[in-house]
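Please read it alongside the sequence and the model shown below.

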Amino acid sequence: ELLSYGMPSALTLFSLTSFITIDTLIVKHFFDPKSAGIYAGISLLGRIIFFLSSPIGTVMFPLVVQKHTKQESIRSTFILAMLMVFLPSIVLTIGYFLLPNLVIGLSLKNDQYLSGASLLGFMGIYMTAYSLLYLLANFYLSIKKTIVYIPIVLGSILQAVLIWLFHEDFFQIVFISTGIVSALLLFLLVYLQLYVRKRN
């Protein structure tokens with residue numbers, strides 16, 4: 001039981017971590033140190049969205065496990081958790097689009113990062129989608145649907161391959177990551193809807 005649940009769960013969490021680390025590693029490989037540093041700084045600001053919302057999944061996990069075990073409805077808990085992640089994430093992303101220079105100036109306190117200001121809002125979109133995917137993946141693990149590790153692992157591999165092949169600029173890298181994470185999010189939401197219908 002430990003292996004059947006633990007291994008897929010570990011692969012899922014490892015692959016989710018890969019989504020927000022592999023891009024920075026590849027950028028360091030292909031770009032000069034100054035450009036790579038700028039990308040790393042903008043990426044760090046984007047990850048603030050994830051750091052603020054990730055505790056929601058930690059709180060949701062035991063609640064869903066308890067309700068699922070008792071065969072109670074988990075719909076309201078899931079929807080509430082998704083909203084609690086989405087709403088503040090989208091607010092921060094809008095702020096990233098509207099006031100990128102201010103955010104960079106207050107957070108990183110180094111003018112060299114201002115050249116990446118136009119990327120910050122798009123990084124916010126990526127991290128919003130990633131935060132929702134992270135929550136959704138944890139939701140699946142809490143109801144022991146560990147089969148979701150397959151698309152998530154494949155998605156993380158595809159992200160690394162595509163960024164390795166296509167990295168003309170930072171926007172291309174972020175768009176690749178956003179596209180893959182958004183596709184995974186949509187796929188898992190559709191799969192969840194089918195699961196709920198079957199369960200009911």
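**Overall architecture**

Of the 200 residues of the protein chain, 45% count as buried (under 20% relative accessible area with a 1.4 Å probe, protein chains only; exposed is over 50%, and partly exposed lies in between). The model is predicted: local features require pLDDT of at least 70 and side-chain atom pairs pLDDT 80 or more, whereas totals for chains, interfaces and linings use all residues. Residues are numbered from 1 along each chain as its sequence is written, and side-chain values use heavy atoms, with hydrogens and water left out.

- The secondary structure comprises eight helices and zero strands, where helices (H or I, at least four residues) and strands (E, at least two) are DSSP runs numbered from the N terminus.
- The radius of gyration is 18 Å, close to the 16 Å that the globule rule gives for 200 residues, so the chain is as compact as a globular protein of that length; the radius is taken over C-alpha atoms, and the rule is 2.2 Å times the number of residues to the power 0.38.
- Along the principal axes, the C-alpha atoms fill a box of roughly 55 × 30 × 25 Å.
- Among contacts (heavy atoms within 4.5 Å) with a separation of 6 or more, 81% are between residues 24 or more positions apart.

**Packing of α4 and α6**

- The axes of α4 and α6 come within 8 Å and cross at roughly 170 degrees; axes are lines fitted to C-alpha atoms, for helices over the stretch in contact, with angles from 0 to 180 degrees between N-to-C directions.
- That makes α4 roughly antiparallel to α6 (angles over 145 degrees; under 35 is roughly parallel, 65 to 115 roughly perpendicular and the rest oblique).
- The residues of this contact divide into 15 nonpolar, six polar and no charged; Ala, Val, Leu, Ile, Met, Phe, Trp, Tyr, Cys and Pro count as nonpolar, Asp, Glu, Lys and Arg as charged, and the others, Gly among them, as polar.
- L132 lies in helix α6 and counts as buried at 10% relative accessibility.
- Leaving aside neighbours within four places in sequence, L132 is in contact with M82, V85, F86 and L185.
- L132 and G57 are 75 residues apart in sequence and 9.5 Å apart in space, C-alpha to C-alpha.

**Aromatic pairs**

- A search of the whole structure finds 14 aromatic pairs, with rings of Phe, Tyr and Trp (its six-membered ring) pairing if their centres lie within 6.5 Å; planes under 30 degrees apart count as stacked, over 60 as edge-to-face and the rest as tilted.
- F50 and Y130 form an edge-to-face pair, 5.1 Å centre to centre with 65 degrees between the planes.
- This pair links distant parts of the chain, F50 in helix α3 (residues 33-69) and Y130 in helix α6 (residues 117-142), 80 residues apart.
- Both F50 and Y130 are buried.
- F78 and F139 form a tilted pair, 4.6 Å centre to centre with 45 degrees between the planes.
- F78 lies in helix α4 (residues 75-98) and F139 in helix α6, so the pair ties together parts 61 residues apart in sequence.
- Ring pairs also link F50, F51, Y130 and Y134 into a cluster.

**Positive phi values**

- Most residues other than glycine have a negative phi.
- K109, which is not a glycine, has a positive phi of about 55 degrees; K109 is found in the loop between α5 (100-107) and α6 and is exposed, with a relative accessible area of 69%.
- K144 has a positive phi near 65 degrees; K144 is found in the loop between α6 and α7 (149-165) and is exposed, with a relative accessible area of 59%.
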